Every structure is written in structure tokens, then in C-alpha cells.
Amino acid sequence: MQTDSQWVANIDTLLAAEYDKARDYAYEVPTQCLLHIRAFTHRLCQLLAGGEGFDSVNLFDNIEQLNRQRRINVRLARALHKLRGHGNRGAHPEKYHLTPDALLALAEKALSDARVVLALACEQLSPQSTHDYQIQPLGQDAGRELCYRAVMEDDCRSQYLLGMSFKAKALLLQEQEQALNDEAHGDDNPGHASQALLAKAMYWFGLAHRCDMDARFEYGVALLHGYQGEPDRCAGERLIAEAAAAGIVNAAALQGYFYLTGTECIAANLDQAQRYLETAAEQDNAEAMCNLGVLYYQQGQLTQAFDYSVKAADAGFAQAQYHLALMLAKGEGCQADAALSAHWLAEAAEQGQLDAMLLRAQQLLNDESLAPKDLTLAESYLRQVIRYGHSVPAMIELSVALTDGMLGRIDVVGAAALLSSAHRHADAHHGDIILALQQSLQLQLAQVIPLTQDCEELKALQRAEQLLAGLSSPPS
């Protein structure tokens, strides 16, 4: 029986090349696997178009054009959009708060979904072809081959891919380290394991950047953020500009952002920002679309801001989904639509956008008709916002919910611990709110402790009392 790779190759050799690369990188560089799945989707759309050109190079637009022209049905269009979303996650896995295991699982799922999509497409591309094949186990030797080419053959592309592997692992680990460190010590000192991985990534990018423009962009980012010691922002931005000029889409998107906001080395220039962001957006870069929406919003061109926010949201970019939810709620650049706003807010929250998670949790807690599973979801969102964003409003919100029994239970120790953490991170604005909650909870404890007979419960209440007593100093 033919293998899955042979099955794809019998349909199209270029399609098979992207599929095989995605398979090869699934274990060692899952982010690269997902990007090849995206390229697979591009190629499949070209095949479905039957040799006719597209009006745009944007993958979302291509899928929609095929759908409008009735070249694909709704089911296949949705499946293609799903693959496109997997690819977008591969570009920025850290923004979705994925663990290394979750990223690997996503790569494996993307490969599985690619086979499903191709089977659907075959009904149009090759109706006579057989769909019987045996799935090969994902090879785990690709990493060794990559290392051999990078070291022994001094291959720039392999060196770049090794750098990407270390970078992805570092960024995913970094969030976990910061959260665990905050829980254990109450400070913001980063962990050392992720920094060591970033230093390794920068080493490989440094070797490869002489002859690989993707690596030049990543080396610029590494200098910008100080993967090995102190940042060198101007040198980093110079390399990013060179990569953008060479047509690297991610570099163009970042260069556009630099011009949008201004940096230490680059003055804000909205015309230049628009030029670079449009270049990247035309290549289906979701972050560039989102920032174009921000640019137009700041200029008061709300219709254009809404249009680009829709494109970026449809591309699966969580920040744009959150912006779109706010615009739909207020009717900015569009007709106000509360139901659609709630949909996009839920989408952004589900993808880990912290502001969306906080707002969604607040909405859920304020709805008295919610089922217990929705309250559990609200608590989960708040705890993630606290863990990944050290959000004082989320700490306050959850503390109140635990104090008032809004989550189906009362936990004064948990509430006091959250107030203590909020106090460490708060500014003067939140300090007054925390003080009021502290006094209210202390009053409750003063009333409950004398009546408590259970020893374990008494210890817990006294622990809460101690935590609250430590909030006497004003927040920094």
C-alpha cells in the first residue's frame, strides 16, 4: 500500500514537497512544520484554481475567491481556512501561550487536517485517485540531519532552522518561567533556561545571517531584544530593515510597526508605516493587517480600520479579534452588533489574548444566569491572565469573586493571596481599590474567626489574616 507521502506526490509533486517538509520538521521544529502547512495550503489553492490567477496573494482572499467562484464548496473552504489558521499559529506560537507539547500536538493535528483537506479537494482534483494509504510514523532523525548540515556542511538554511528551533522552545518556556517565578518569589526575575536557549538561537542566527535573509531578520530581532547580553537596538533595526528590503515578509511587518510607533533609532513615519504594513499584509501577514487597522483607527478612518481588523481576525490573529470585538460593540466603522462582538471576543479569549480573556471573564461573572461550567471558564480565564500578564485588575476581579462566592465557593485565603499579589504589582490607581477590599475582607475575618471551631479552617483564616496584614505599605 502506498504511503501518505506517495499519495500526496501522486496528486502533485510541489504539494508533496511541502507536505514532506512539514513531516520532517514536526518533531524538531514544529513552528516550521506549521509554516510548511501554510505553504501546502497556498499550493492546494493554486491547484484548485485550475491554472487561473488570483486577484490577491493573500491566502484568505484566495480561499474566498475560490468559494465565490464555486470552485470549492463551503465545507472545503472552512477546512482550508482551518489549515491557514494552523500556519498563522506557527508564525507566533508564544502569543497563543502554547507549551512545547501543545505545539507538537498542533503540528501533528495540522498534518492530519492537511490529509483531510486534500481528500476533500481530490473529489475535484482527481476523482479517480484512490485515497488508500498508510500513514508513516513521523521521523525523529530530522534533527540529527539538520545538525549535521548546519555543522559539517556549514549550511545557512540548516543553521537558521536550528536557531528557530531554539527560539521557539525558549519563548514557550519563558512564559512558564516568569509565571512560576512570580508565584514562588513575588518578583519578575526571568528564568535562566529560556535565556540559555535564546543565546543558542542567536548563535545560529549569527552564523546564518551572512547568506540567509530570514536568519538576518531573526539575528536583528535577537540583537534588538538582547538574546546574548545587552540589547543593541540600532544594529538590530538595521538588520531588520535589510531583511525587509530583501522581501522578508515578517521583517516588513516589523519595520512597518517601527514606523508606526517610532523607536530609539527610527522616527515615527505614518507614510512609511503604511507602505511596509501594506506590503506585508498583501503577503497575508496577519500582524501587519492588524497594525494597519490600528494605523487607520488612529487616523480616524474607521471603515478602513474595521476592514483590516476583519481580515486579520479572519486570519486567526487574536489581537485583531479583540479589536474587532470592541469596534463591533461600539459600532465604530460598522453597524453595532452585540452578538458578533461577543463571538469575536470569545474567539480572542479562546486563543489566549489577555485583554479579551479578562473582559470575557468579567462579562461571564456579571451574568447571573450562567451555568457552573461558564463560571469555571471565567475563573480559568482570570487565572491565565494573572499567570501570563500579572494583571492587577484580574487579581482584583478574582479576589472579589472568591470572597463573594460568585464561583460557587468562598475562599478567603485565596482571595487574600490574590490581594497580596495585586498589592505588589499595583500602581496608585489600583492601590485605593485594593485597600478597600483589604478592609472589607479583614472585617469579615474578624467576624468569622471567633466563631470558627474547626482547627484546620481556623489556621486557614488566620493565614488569610496574616496576608492581609502585610498590605500596610503603599504599592510601589
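## Basis

Residues are numbered from 1 along each chain as its sequence is written. In this predicted model, local features need pLDDT of at least 70 and side-chain atom pairs count only at pLDDT 80 or more, while totals for chains, interfaces and linings use all residues; side-chain values use heavy atoms, without hydrogens and water.

## Helix H22

Helix H22 covers residues 428-448 (helices are DSSP runs of H or I, at least four residues, numbered from the N terminus). Its 21 residues should span 30 Å at 1.5 Å a residue, and the end C-alpha atoms are 30 Å apart, which agrees; the expected span is 1.5 Å times one less than the number of residues. At the start of H22, the backbone nitrogen of His430 lies within 3.0 Å of a side-chain oxygen of Asp427.

## Two sides of H22

His430, Gly431, Ile434, Gln438, Leu441 and Leu445 are the buried residues of H22 (buried is under 20% relative accessible area, exposed over 50%, with a 1.4 Å probe and protein chains only). Seen down the axis of H22, they fall within an arc of 100°, so they line one face of the helix; the arc is taken from the directions from the axis to the C-beta atoms. An α-helix has 3.6 residues a turn, so residues three or four places apart point the same way.

The buried residues are covered by elements including helix H20 (392-404), helix H21 (412-425) and helix H23 (455-469). On the face turned away from the buried side, H22 carries the exposed residues His429, Asp432, Leu443 and Gln447.

## Lining of the second largest pocket

H5 (74-91) is among the helices that each supply at least two residues of the lining of the second largest pocket. The largest share, seven residues, comes from H5.

Conventions. Contact means heavy atoms within 4.5 Å. A polar contact is a pair of N or O atoms within 3.5 Å; within protein, one must be able to donate a hydrogen and the other to accept it, and residues adjacent in sequence count only if both atoms are side-chain atoms.
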